[in-house]
Amino acid sequence: MKPLVQVSRLSKFYPVTGGLLHKKIGEVKAVNDLTFDLFKGESLGVVGESGCGKSTLARLILGLIKSTRGQILFDGLDITAMGKTRLRRLRRRMQMVFQDPHSSLDPRNSIFRSLAEVFKIQKEKITTAKRNDRIFQLLDMVGLKPEHCRAYPYQLSGGQKQRAVIARALAMTPEFIILDEPTAALDVSVQAQIVLLLRKLRRRFNMSYLFISHDLALVDYFCDRIIVMYLGRIVEITSGKLSGQKPGHPYTQLLLDSLFTADPFARKPAPKIEGEVPTPFNLPGGCVFQNRCPHAQEICRSLSPDLVKTRTNGQVACHFPLNSIDKKGEEIQK
Ligand SMILES: Nc1ncnc2c1ncn2[C@@H]1O[C@H](COP(=O)(O)OP(=O)(O)OP(=O)(O)O)[C@@H](O)[C@H]1O
Ligand SMILES: [Mg+2]
């Protein structure tokens, strides 16, 4: 399979200022040295607790914010080196759906106008009649009725609004869509409908998705592979669904223990993970997960582990990955 998106050594640091003179007193490592590929036709999940850098990663890939360092290639084109015009043109090929459909739609525009605007922004050479046909086709694709085109956002339910946002994202038939918590603001039953719609659209158009959520069960249901993030770092990339294999990183295991249920749409309790939750502000050296990890040793406090291949073809950043530890907790001789 060919990679569609190649992210290498990508970082985004925000300066933190303090005191009367607003001097720089440190930095938030929102995204810290990430490397991964997303393949054509794949649905790749990104999971992790609030503040671990998921949305920052999404914004970097779309070129909405500039990286501190690192490179992002989309179909071989370097996004980090692109100007506004080229980025706008690239938006035909990559789109994003955010968590809150209400703030994604302009309240002053009808759904029809919101969709028509995309064609204008992209300077699409299309007759008005053809454009109108296309708008009704898009509404139908996402399960909205023709009369919804006259509605304003406040007249629609949360689920209907998110369908309209998805229709808008599909207007230019993109190859790649970043979904940042696309169902988090919706009721559980509506969540299921939107997830099923996204799956159907993906099959129909052979699209690639980067599906971001803090809900591991939902990500595992929806995605082919999963990136697990913790405090700006990737701690694990699975080679397939987590339900079928043993995780390599203790953090993934903890997420699984606390979140995984057979029904991805059932409400789940918040993860119960021991230890203080650190922030990505002025991180100490060593592994980011050290102070919450039940297996942490001396080396974990001094040396940050690299992301390395596991025996199951995934990747894990841990000095003592779980899938190379036997039942007695002793490392298996390689
Ligand atoms: N513009 C900014 N200025 C300073 N810090 C920022 C900025 N944007 C994000 N951050 C910080 O970067 C870290 C990652 O934020 P981000 O929004 O990417 O997390 P997230 O994983 O999407 O969280 P959530 O699940 O709550 O949406 C957080 O500590 C956040 O406070
Ligand atoms: Mg976010």
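In the predicted model described here, Gln6 stands opposite Leu73 in strand 4, where strands (E, at least two residues) and helices (H or I, at least four residues) are DSSP runs numbered from the N terminus. The model is predicted, and accordingly local features need pLDDT of at least 70 and side-chain atom pairs count only at pLDDT 80 or more, whereas totals for chains, interfaces and linings use all residues. Residues are numbered from 1 along each chain as its sequence is written, chains are lettered from A and ligands numbered from 1 in the order in which they are written, and side-chain values use heavy atoms, with hydrogens and water left out.

The pair Gln6 and Leu73 belongs to the pairing of strand 1 with strand 4 (residues 69–74), which run antiparallel and are joined by 5 bridges; two strands are taken to pair if DSSP finds at least two bridges between them. Ser8 likewise stands opposite Gln71 in strand 4. Strand 1 (residues 3–18) also pairs in the antiparallel sense with strand 2 (residues 23–39), over 12 bridges, and here Pro15 stands opposite Glu27 in strand 2. The hairpin of strand 1 and strand 2 has 4 residues between the strands, and within this hairpin Gly19 takes a positive phi near 75°. Taken together, 4 strands form an open sheet in the order 2-1-4-5, with antiparallel pairing. The edges of this sheet are strand 2 and strand 5 (77–78), each of which pairs on one side only.

A further open sheet is formed by 8 strands in the order 6-7-8-3-9-10-12-11, and its pairing is mixed. Strand 6 (94–97) and strand 11 (308–309) stand at the edges with a single partner strand each, so that one side of each is left without a neighbour in the sheet. Within this sheet, strand 7 (residues 176–180) and strand 8 (residues 208–213) run parallel and are joined by 5 bridges, with Asp180 standing opposite Ile212 in strand 8.

Helix 6 (residues 158–170) lies across strand 6 and strand 7, running at about 170° to strand 6; axes are lines fitted to C-alpha atoms, for helices over the stretch in contact, and angles run from 0 to 180 degrees between N-to-C directions. Helix 6 packs with helix 7 (residues 188–205) at an angle of about 20°, the axes being 10 Å apart. The two helices, helix 6 and helix 7, are therefore roughly parallel to each other, a term applied to angles under 35 degrees. In this contact (heavy atoms within 4.5 Å), Gly159, Gln162, Arg163, Ile166 and Leu170 of helix 6 meet Val190, Gln193, Ile194, Leu197, Leu198 and Leu201 of helix 7. The residues of the contact of helix 6 with helix 7 divide into 7 nonpolar, 3 polar and 1 charged, where Ala, Val, Leu, Ile, Met, Phe, Trp, Tyr, Cys and Pro count as nonpolar, Asp, Glu, Lys and Arg as charged, and the others, Gly among them, as polar.

Helix 6 is also approached by helix 4 (residues 111–121), the axes of the two coming within 9 Å and crossing at roughly 20°, which makes helix 4 roughly parallel to helix 6. Ile111, Ser114, Leu115 and Val118 in helix 4 meet Ala164, Ala167 and Arg168 in helix 6, and the residues of this contact divide into 5 nonpolar, 1 polar and 1 charged.

A search of the whole structure finds 7 aromatic pairs, rings of Phe, Tyr and Trp (its six-membered ring) being paired if their centres lie within 6.5 Å, with planes under 30 degrees apart counted as stacked, over 60 as edge-to-face and the rest as tilted. The rings of Tyr209 and Phe222 have centres 5.7 Å apart and planes at 25°, so this pair is stacked. Because Tyr209 lies in strand 8 and Phe222 in helix 8 (residues 216–222), the pair ties together parts that are 13 residues apart in sequence.

Definitions and conventions
Parallel < 35°, antiparallel > 145°, perpendicular 65-115°, else oblique.
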